Amino acid sequence: MSRQPYVRPLSKTTWYMRNGRYKRYMLREVTCILVAIYCFISIVGLAALADSPERWAEFLAEFTGPGWVVFHALSLVFYLFFMTFDWFKLAPKAMPLQLGDQKLPDQFIVIGHYVAWIVVTLAIFWLTGVI
Amino acid sequence: MELEVMRYDPEKDDAPWFQSYSVPCEEDWAILDAINYVKENIDTTLSYRWSCHMMVCGSCGMMVNGEPSLTCKTFIRSLPDKVRIEPLENFPIERDLVVVLDDVMQKLHKVQPYIIRKDDPPENEEYQQSRGALAKFKQYTMCINCMCCYSACPQYGLSNDFIGPAALALAHRYNLDSRDQGKSQRLDILADHDGVWDCSFVGACSEVCPKDVDPAAAIQQMKIDGAMEFWKQKLGFPGGKS
């Protein structure tokens, strides 16, 4: 009897289409492109702010068009679902806490992240005069 | 129930193909019972692995409708009338539902999954370990090497160089053991290119594990350990290597 193991081919470009779990992972990873674009926009905005009030006004005017509004809305959805919610859910895996003999339930760590998120958001709103 | 089973005979077939079997199932059967029925009553040529039928031996891992599953734990009543059974993905097929596991066996060995001591072990007495110290790693001892996690891991599917979930979880199990002193010795292997950093945290390994082990968590924790060790050494902290 001879051994001739058969290796099933796996597409290097479309492997993630095999199931919903992989597709969700890819959506999470693709969010980094939006983050990169957002970082670039922020740098351009900072440069405009540093330059002059007129440049800053131009910069703001540019981002009120419908295309950019759609981009911002899309980014927000991706950030929330695939960065914030997903990463907060995964946080207890990377940072488990044990008190005495017992592991702290995952929900405590997740809720801690949400509380910190809300506190930081409110602090930014307060510092920037929104509230 | 109709079972569509992947068949491959290395002496006759160029590629795998599917064969259908109609199986009169009882309501309390697991998929493994249906496969055993085929073997005993319909087709004796079907090859597959199994042993204990009680989620201990880890031999009956297969793809059930595309999901890596322990077939003794996957019940007929939770599935549609037509079920597709394939050998575990990401492994070469030896014959029918039997896969080649040589690669992961080497990887399990490579991570040094045993207690390493620098000091002498206690003389004429057992190692002392508190309940809390045991709780830190106990879930990782539940792994039965069914390899469902490797089958679910796209990173391992794309590159077999990756050490992979079960072996890394096993390494973490010993790193967390209060009796062990081999963490830095293992770190050289685990923090290498094919170690923890090859994991992109898809998390599928933990989702499919039939024993509720969490290899994805182990790998992320080892990434933190590896990064801490790196900076300790860079900044010259004492005890940079534990």
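**Helix packing and chain contact in the predicted model**

In chain B, helices H6(B) and H7(B) pack with their axes 10 Å apart and at an angle of about 160 degrees. Angles over 145 degrees count as roughly antiparallel, and H6(B) is therefore roughly antiparallel to H7(B). The crossing in which H6(B) passes H7(B) is left-handed. On the side of H6(B), the contact is made by B:Leu168, B:Ala171 and B:Asn175, and on the side of H7(B) by B:Lys183, B:Arg186 and B:Leu190. By class, the residues of this contact divide into three nonpolar, one polar and two charged. The description given here, like that in the paragraphs below, refers to a predicted model.

The surroundings of H6(B) extend beyond this pair of helices. Of the 11 residues of H6(B), 11 are buried, so the helix is largely enclosed by the rest of the structure. Among these buried residues are B:Pro165, B:Leu168, B:Leu170, B:His172, B:Arg173 and B:Tyr174. The elements against which the buried residues of H6(B) pack are helix H2 (102-110), H4, H7, H8 and H9 of chain B.

The last of these elements, H9(B), comprises residues 215-234. At 1.5 Å a residue, its 20 residues should span 28 Å, and the C-alpha atoms at its ends are 28 Å apart, which agrees with that expectation. The buried residues of H9(B) are B:Pro215, B:Ala216, B:Ala217, B:Ala218, B:Ile219, B:Gln220 and B:Met222. What covers them includes elements of both chains, namely helix H3 (66-94) of chain A and, from chain B, helix H4 (148-152), helix H6 (165-175), helix H7 (183-190) and helix H8 (204-208). Just after H9(B), B:Gly236 takes a positive phi of about 70 degrees.

The contact between the two chains takes 24 residues from chain A and 27 residues from chain B. On the side of chain B that touches chain A, the elements that give two or more residues are strand E6 (93-95), helix H3 (131-135), helix H5 (154-158), H8 and H9 of chain B. Of these, H9(B) gives the most, with five residues. The side of chain B that touches chain A has, by class, 15 nonpolar, five polar and seven charged residues.

Within chain A, a further helix pair is formed by helix H1 (residues 20-51) and H3(A), which pack at an angle of about 125 degrees with their axes 9 Å apart. H1(A) and H3(A) are therefore oblique to each other, and their crossing is left-handed. The contact is made by A:Leu27, A:Arg28, A:Thr31, A:Leu34 and A:Tyr38 of H1(A), together with A:Ser75, A:Phe78, A:Tyr79, A:Phe82, A:Met83 and A:Asp86 of H3(A). The residues of this contact divide into seven nonpolar, two polar and two charged.

Chain B as a whole has nine helices and seven strands, and its C-alpha trace spans about 65 × 40 × 30 Å along its principal axes. Of the 242 residues of chain B, 39% count as buried. Among the contacts in chain B between residues at least 6 apart in sequence, 66% join residues at least 24 apart.

Several loop residues of chain B may be described individually. Most residues other than glycine have a negative phi. With 17 other C-beta atoms within 10 Å, B:Gln112 is partly exposed. B:Asn145, found in the loop between H3 and H4 of chain B, likewise is not a glycine and has a positive phi of about 55 degrees. This residue, B:Asn145, has 18 other C-beta atoms within 10 Å and is partly exposed. In the loop between H5 and H6 of chain B lies B:Asp161, which counts as partly exposed with 15 C-beta neighbours inside 10 Å. B:Asp161 and B:Lys107 are 54 residues apart in sequence, and their C-alpha atoms are 9.5 Å apart in space.

Technical notes. Residues numbered from 1 in each chain as written. Chains lettered and ligands numbered in written order. Predicted model: local features only at pLDDT ≥ 70, side-chain atom pairs only at ≥ 80, totals over all residues. Helix = DSSP H or I, 4+ residues; strand = E, 2+ residues; numbered from the N terminus. Expected span 1.5 Å × (residues − 1). Buried ≥ 20, exposed ≤ 12 C-beta atoms within 10 Å, placed from the backbone. Contact = placed C-beta atoms within 7 Å. Nonpolar A, V, L, I, M, F, W, Y, C, P; charged D, E, K, R; others polar. Axes fitted to C-alpha atoms, helices over the stretch in contact; angles between N-to-C directions. Parallel < 35°, antiparallel > 145°, perpendicular 65-115°, else oblique. Left-handed = near helix turned anticlockwise from the far one by under 90°.
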